[in-house]
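Visitor: Hello! Could you show me how to read strands and helices in a protein structure?
Guide: Gladly, let us look at one together.

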Amino acid sequence: MLKFNYHNHSTYCDGKSSLEEMTLSAIEKGLSYYGFSAHSPVPFDNDFALQYSELQNYLDQTRRLKTKYQDKIKLFTSMEFDYIPKLSEDIRERAEEYNLDYIISSVHLVNSENGLWFIDGSKQESYDKGLREYFGGDIRKAVKAFYDQTNEMITKVKPNIVGHFDKVKMHNKDRYFKEDETWYRDLVIQTIDLMKEEDLICEVNARGLYKGRSNDYFPQTSWVKELAKRNVKVTISSDSHKADEVDMLFADCWDHLKACGHKEVWYFDDQWKPISL
Ligand SMILES: [Zn+2]
Ligand SMILES: [Zn+2]
């Protein structure tokens, strides 16, 4: 089985292991391709993203490791760009300036008139608080804002990989809505159709599952099946933040994609290619 993972963090952002520790673990676990994807710098104080002051070091260090370990693994330099309307920089422009190998883009912070709703992280309380304060507790309005922002990201940024596109459900846990409600399904299908239209790769992200924050992948099984029906390209990510997470659930996810009707999975080797499952 060819192993790869293009969505990984390190101590340059909110990860716990250094770039080199991540690399050594990827080699040990038999990955052929591995991409560094720090959370891109964002124009406000934070403790999760790459800082502007460390940006050049990050780019230099990833490329130093690429050369150092070139006989053992093929490394790539990328970022997971946060798409926040009006706040984000021009992502395609930045990616070109930094000479990145590919682009991942995701929504973690949903824009509202009153502030940014953080839908990720380990704390359900901050999800609930944001929902109350920024959307008056109106879950439909909040979830629609998340998918509108995701759709805008898909059409404007056209990232190579769309990150965990249904993560808005992580802290919901069936409390505010059920994922088979028509209004929710319609929003998801619209986003899936857009990814197809733009010919982007949708990641199937194992992080929520192995961290015990979710009982399914992002996106959940029913959407992975819808992706297969529409022939949307998919890749496998562990979204690792620690060295031992670099291939977490890779083989399970491979089988899962097959069981959901996918015939191939996409990987990057200087260009994106499919491989049969
Ligand atoms: Zn993310
Ligand atoms: Zn990530």
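**Reading a helix and its neighbouring strands**

Guide: This is a predicted model. Let us start with helix H8, whose buried residues pack against H6, S8, S9 and helix H9 (250-259).

Visitor: Which residues of helix H8 are buried?

Guide: Within H8 (residues 221-229), the buried ones are Trp223, Val224 and Leu227. Viewed down the helix axis, the buried residues of H8 lie within an arc of 105 degrees, so they line one face of the helix.

Visitor: Why do residues that are spaced out along a helix point the same way?

Guide: An α-helix makes a turn every 3.6 residues, so residues three or four places apart point the same way.

Visitor: And what follows H8?

Guide: Asn231 does, and its phi is positive, near 60 degrees.

Visitor: How do I read the side chains of a strand?

Guide: In a regular strand, side chains alternate between the two faces of the sheet. Take S8 (residues 201-205): Ile201, Glu203 and Asn205 point one way, while Cys202 and Val204 point the other way. On both sides these residues are buried, and S8 is mostly covered, with 5 of its 5 residues buried.

Visitor: Which strands pair with S8?

Guide: Strand S7 (residues 161-162) pairs with S8 in the parallel sense over 2 bridges, and here Ile161 has Ile201 as its bridge partner. Strand S9 (residues 233-237) also runs parallel to S8, joined by 5 bridges; in this pair, Val204 stands opposite Ile236.

Visitor: What do S7, helix H6 and S8 make together?

Guide: With H6 spanning residues 182-198, they make a right-handed β-α-β unit.

Notes: Residues are numbered from 1 along each chain as its sequence is written. Chains are lettered from A and ligands numbered from 1 in the order in which they are written. This is a predicted model: local features need pLDDT of at least 70, side-chain atom pairs count only at pLDDT 80 or more; totals for chains, interfaces and linings use all residues. A residue is buried if 20 or more other C-beta atoms lie within 10 Å of its own, exposed if 12 or fewer, and partly exposed in between; C-beta atoms are placed from the backbone. Helices (H or I, at least four residues) and strands (E, at least two) are DSSP runs, numbered from the N terminus. Two strands pair if DSSP finds at least two bridges between them. A crossover is right-handed if, with the strands pointing away from the viewer, the path from the first strand over the helix to the second runs clockwise. The arc is that of the directions from the helix axis to the C-beta atoms. Two residues are in contact if their C-beta atoms, placed from the backbone, lie within 7 Å.
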